[in-house]
Amino acid sequence: MKTSMVELQHITKSYDGQMILDDLNLDIFENSFVTLLGPSGCGKTTTLRIIGGFEAPDKGKVLIEGRDITSVPAYKRPLNTVFQKYALFTHMNIEENIAFGLKIKNKSRQYIKDKIAYALKLVNLEGYEKRMPDSLSGGQQQRIAIARAIVNEPKVLLLDEPLGALDLKLRQDMQYELIRMKKELGITFVYVTHDQEEALTMSDHIVVMNQGYIQQQGSPETIYNEPENAFVADFIGDSNIMGATFIQDELVEIFGKRFACVDKGFGVNKPVDVVIRPEDVDLLPEGEGTLDGVVTHLIFKGVHYEMEVQAGGFEWLVHSTDLFPVGSKVSIHVDPFDIQIMNKPASEDEEALGVHE
Amino acid sequence: MNKSAFHKKLLAGPYLVWMIGFTVIPLLLIAWYGFTARDGSFTLENVTAIRTPEHLKALGLSLALSLTCTGVCLLLAYPLAMILKGSGLGKKGFIVFIFILPMWMNFLLRTYAWLNLLDDGGILFQICKRLGLPTVSLVGTNTAIVLGMVYNYLPFMVLPLYNVLVKIDENVINAARDLGANSFQVFYKVILPLSFPGIVSGITMVFVPSLTTFAISDLLGARKILLIGNIIEQEFSTANNWHLGSGLSLVLMVFILISMAALSHYDKNGEGTSF
């Protein structure tokens with residue numbers, strides 16, 4: 001049975017008359033790794049800052065373990081934050097940085113010493129006690145920021161794009177480090193990022209946000225394989241999104257050709273959006289698939305070839321390990337379970353709201 | 001040396017001439033005057049003259065008044081700089097502008113204005129009289145001199161403080177709050193130590209001119225109070241003894257150098273200092 005750690009109820013927030021969050025409701029379960037994912041300006045950082053207590057919501061409640069903490073100041077909340085640009089205290093050495101929260105809580109000297117040793121071991125920076133923050137690399141500084149937060153034994157650790165300032169390789173290493181730390185600590189992580197790959201790699205649960213609304217939430221697999229609307233499909237990974245007609249249950253017409261699918265309940269002869277991931281598009285010799293086309297671009301990506309196929313008046317993005325040179329006539333085949341049907345948004349507003357079931 | 005590097009160095013030429021002509025040579029002249037008697041023979045008398053009771057008293061008073069002035073400026077400027085940072089008004093530059101505005105007026109003129117405010121029968125005098133309070137004339141007192149110093153040098157304390165305070169990352173303050181520090185703890189554990197370079201810089205920029213001033217003490221001290229600056233000035237002007245004046249100047253310079261060295265010890269990064 002999952003229990004709620006953090007609950008946001010009807011949170012509304014606006015700055016200078018501009019709506020940032022509108023009636024946001026979110027349940028974050030105990031011991032989960034939850035990622036708030038979305039483009040900049042979607043409200044994800046504001047959501048995190050409201051949980052942390054750095055912003056007050058205009059309306060709504062923040063609950064931790066069922067207790068209303070909306071009016072509790074940041075310094076009294078049982079959670080800690082790792083900030084985007086580390087925010088270390090540059091006038092203190094590493095040891096003093098990590099001890100900051102513990103000293104304020106008047107912990108004993110021995111307790112603090114043990115905690116520092118434990119935290120530095122956890123972030124793989126043993127022996128850095130006397131160094132100054134400025135003498136550390138970005139990745140090391142971020143580890144110290146994490147160590148400084150977790151020694152306080154927070155129930156929830158909030159991470160605001162902590163890897164945003166690091167280079168790609170380091171970022172990937174840190175992703176694995178964070179997963180490991182999360183397992184060792186056994187606490188709830190709430191992570192904010194605009195990087196969909198980061199979100200897919202680390203999270204148990206992803207909350208996709210846009211324009212102040214939650215577009216979809218679920219496991220990384222659900223978000224990737226079953227996007228509920230075009231925004232989510234487009235934001236998470238590469239995809240082919242096109243308009244189509246839902247003929248009847250388990251049958252959809254794309255560019256005049258009928259494809260078998262597994263979705264039901266979208267009505268009869270209804271316009272819908274269809275998402276097909278590039279790796280799910282199978283290319284067959286001309287005439288053997290459902291929709292014929294011509295390869296127009298070809299790039300070698302290492303793991304696979306990336307091709308563009310002109311078919312039905314649409315540029316299909318295709319990832320395949322089979323090579324079809326530019327100009328080859330091919331035929332597109334898609335397995336029924338690889339076709340994801342989504343309701344068409346009736347208006348821009350509805351698109352922002354997402355499609356709730 | 002290749003040609004372009006040489007050309008680049010040539011650009012420093014005018015400044016080098018300036019520095020030699022207006023800093024190095026005058027300093028050497030002061031040193032020469034300071035260590036010679038009127039007949040041109042070497043002597044330490046001009047320097048050791050600081051030990052006479054009259055000079056020691058003036059130096060002591062100068063130190064006391066300039067330290068008071070620096071302390072008052074710091075106490076006034078820090079909260080102000082915090083307010084400027086917090087309100088965001090400083091960003092628009094308007095408030096800072098208001099504070100700098102008086103500096104556009106002549107320094108002596110401003111000090112004369114204070115004379116009018118504090119003098120017997122001046123504005124303060126009149127206000128006290130109207131309100132039935134005991135009338136006071138502050139001119140000729142140490143208080144008047146400190147008031148004049150604080151008024152003139154306060155902007156030099158506000159600006160460096162404001163500059164370091166606005167540079168403190170808001171997230172560093174948030175991090176301290178996040179780690180359990182209340183407003184008071186955030187201030188003395190994080191904001192205060194991080195603003196240290198600004199404090200050091202402000203102290204230097206207020207302490208040095210107030211230690212050496214003679215115009216303010218001349219006007220607001222009504223020529224009754226002699227600071228070390230006044231004594232040096234008199235040696236050069238009325239007493240026409242450049243040798244003694246230079247000797248005392250050298251002693252004062254040593255005092256300033258010692259205080260600079262002490263301060264720079266606290267400002268390891270050299271972020272705030274202008275020296």
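Why is strand β9 of chain A largely enclosed by the rest of the structure? I looked up its burial and noted that five of the six residues of β9(A), residues 205–210, are buried, so the strand is largely enclosed; buried means under 20% relative accessible area, with a 1.4 Å probe and protein chains only.

I kept in mind that this is a predicted model, in which local features need pLDDT of at least 70 and side-chain atom pairs count only at pLDDT 80 or more, while totals for chains, interfaces and linings use all residues. Residues are numbered from 1 along each chain as its sequence is written, chains are lettered from A in the order in which they are written, and side-chain values use heavy atoms, with hydrogens and water left out.

Next I followed the neighbours of β9(A), taking strands as DSSP runs of E of at least two residues and pairing as at least two DSSP bridges. Strand β3 of chain A (residues 33–37) runs parallel to β9(A) over four bridges, and A:T35 has A:I206 as its bridge partner. On β10(A), residues 213–218, I found five bridges in the antiparallel sense, with A:M209 opposite A:I214. Two residues lie between the strands of this hairpin, where A:Q211 takes a positive phi near 50°.

I then turned to the chains and found 16 residues of chain B in contact (heavy atoms within 4.5 Å) with 22 residues of chain A. Together they bury about 1700 Å², 63% of it on carbon and sulfur atoms, counted as accessible area (1.4 Å probe) lost on being put together and summed over both parts. On the chain B side, B:D178, B:L179 and B:K189 lose the most area, together 39% of what that side buries.

Definitions and conventions: Buried means under 20% relative accessible area, exposed over 50%, partly exposed in between (1.4 Å probe, protein chains only). Buried area is the accessible area (1.4 Å probe) that two parts lose on being put together, summed over both.
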